[in-house]
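User: I have a model open and would like to go through its contacts with you. Could you take my questions as they come?

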Amino acid sequence: MKPEFTPGGVSIQTFQEIFDELAAGYRAIYGEDINLAPESPDGQRVGIEAEARYDVQQFALSMYRNLDPDFAQGEALNVLIKWAGLERRPGTRSQVDATITTDRPVTLPADYTVQDDLGQQWITGSPVSVPAGSSTVTLYSREFGAVEAEPGTVTEPVTIVLGVAGISNEFPALVGQEEETDEQLRIRRRRSVENPATSTVGGLYSVLANLPGVIDLVIYENDGDTTDTERDIPPHSLWVIIEGGDVSEIAEAIAKNKTGGTGLKGDIVATYTEILQRPGGSEMPIDHLMQFDRPVYVDLHIRANVESTDGGAPDVAAITEALVSRPWFVAERAAASALYCVAYDSTDNILLTDLEIATSAAGPWTDGALTPGYGGKFVVAPENVTLTVI
């Protein structure tokens, strides 16, 4: 068999098929009595040649597979996703939404710097214009990676700008992310070529989901004439809850993609200024006041009994790591029964029993399900996983 294109793709030879083909050729040239045993010089030569041909065929197969964005890797995938108008998301800085109070309209310069209680610096990525009063501005850690900041700690301005009266952060920083993996990028590419959304909410979701730095989001809609009392959404309004992303970019996306007259709910208020041109050529700014929320992180506590089924010690560390690493989405409920699968996938030869969950170490504990609320998102810290070996 030779390498060939088939209905199922490219088919290549195995190493043994290549070796046998070369051996048959050498026997035809030098006679059937040629010694091609693995320890003989001629046998080793045939083996080296077969390995080289096999490597070339493997390389060709890899190149063929890299033509398909669902299987491509690395730089080949980076090239292919350009056809979908996408780029791999690089590693990101941590970010924090700071409330900046001013006594006059000011423009914060690029690299405007604020320091937290630990001496870590937080900067603006570009110039930001804010009106008099309180405005929410996204600041980024000067260093890439996981930089944390607790609420109320980003307060000390390093760059002095006349008119800035105070700075503080109500919420903790969103920790920076690693560069987008091949698997994550493939998933995002497939989503980008799905059928276009036909609803306003679907279109807005797609735009927000593709903003740089956005990790997760959910949009609730109340298209009725009365307040949605369960989610506290006013009539004819949207409630956007988004994790990650720049405040100004989020405000611009909402302003450009929501329908006119649609109300908004949210504690984060940001202004998108649209610049229009008057008939005479001068500029006319229109301020769009946008609202949205960040997720409220809810601690999920997990406890269970674990024992080994082969007489050894159960790998508690692997189970804990799997439970901590399990991703959660905004408003996703946690079912204790589903976490058994996460634990069993992490290691072999274990028996897990009496798994329960709670939102506090003091309980109440349940073997059923819990919800973080419409605007919440569960997080599992290592110290909140208790596994008792029995």
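User: To start, how many salt bridges does the count come to?

Analyst: The count comes to twelve salt bridges, where a salt bridge is a side-chain nitrogen of Lys or Arg within 4 Å of a carboxyl oxygen of Asp or Glu. Please keep in mind that this is a predicted model, in which local features need pLDDT of at least 70 and side-chain atom pairs count only at pLDDT 80 or more, whereas totals for chains, interfaces and linings use all residues. Residues are numbered from 1 along each chain as its sequence is written, and side-chain values use heavy atoms, with hydrogens and water left out.

User: Which residue forms a salt bridge with Asp 70?

Analyst: The partner of Asp 70 is Arg 189, and the closest N and O atoms of the two are 3.2 Å apart. Asp 70 lies in the loop between α2 (41-65) and α3 (74-80) while Arg 189 belongs to helix α4 (residues 182-192), so the pair ties together parts that are 119 residues apart in sequence. Helices here are DSSP runs of H or I with at least four residues, and strands are runs of E with at least two, both numbered from the N terminus.

User: Which residue does Arg 231 meet in a salt bridge?

Analyst: The side chain of Arg 231 meets that of Asp 228, with an N to O distance of 2.8 Å, and Asp 228 is buried at a relative accessible area of 16%.

User: Switching to helix packing, at what angle do α1 and α2 cross?

Analyst: The axes of helix α1 (residues 15-30) and α2 come within 9 Å and cross at roughly 135°, the axes being lines fitted to C-alpha atoms over the stretch in contact, with angles running from 0 to 180 degrees between N-to-C directions. The two helices are therefore oblique to each other, given that angles under 35 degrees count as roughly parallel, over 145 as roughly antiparallel, 65 to 115 as roughly perpendicular and the rest as oblique.

User: What makes up the contact of α1 with α2, by class?

Analyst: By class, the contact has nine nonpolar, three polar and five charged residues. In this scheme Ala, Val, Leu, Ile, Met, Phe, Trp, Tyr, Cys and Pro count as nonpolar, Asp, Glu, Lys and Arg as charged, and the others, Gly among them, as polar.

User: How do α7 and α8 cross?

Analyst: The axes of helix α7 (residues 316-325) and helix α8 (residues 336-346) come within 8 Å and cross at roughly 135°, and α7 and α8 are therefore oblique to each other. Ala 318, Ile 319, Ala 322 and Leu 323 of α7 make the contact with Leu 339, Val 342, Ala 343 and Ser 346 of α8, contact meaning heavy atoms within 4.5 Å. Those residues divide into seven nonpolar, one polar and no charged.

User: Now the strands: where is Thr 386 found, and what does Thr 386 touch?

Analyst: Thr 386 is found in strand β22 (residues 385-389), and counts as partly exposed at 44% relative accessibility. Leaving out residues up to four places away in sequence, Thr 386 touches Ile 302, Arg 303 and Ala 304. The C-alpha atoms of Thr 386 and Arg 303 are separated by 4.6 Å, although the two residues are 83 apart along the chain.

User: Last topic, the backbone: which peptide bond is cis?

Analyst: The bond from Gly 363 to Pro 364 is cis, with omega near 5°, and Pro 364 is placed in the loop between β19 (350-358) and β20 (369-370). Most peptide bonds are trans, and most residues other than glycine have a negative phi.

User: What is phi of Asp 232?

Analyst: Phi of Asp 232 is near 55°, a positive value in a residue other than glycine, and Asp 232 lies in the loop between β11 (216-222) and β12 (237-243). Phi of His 236 is likewise near 55°, and His 236 also lies in the loop between β11 and β12, where His 236 is partly exposed with a relative accessible area of 41%.

Terms used: Buried < 20%, exposed > 50% of the residue type's maximum accessible area, 1.4 Å probe, protein only.
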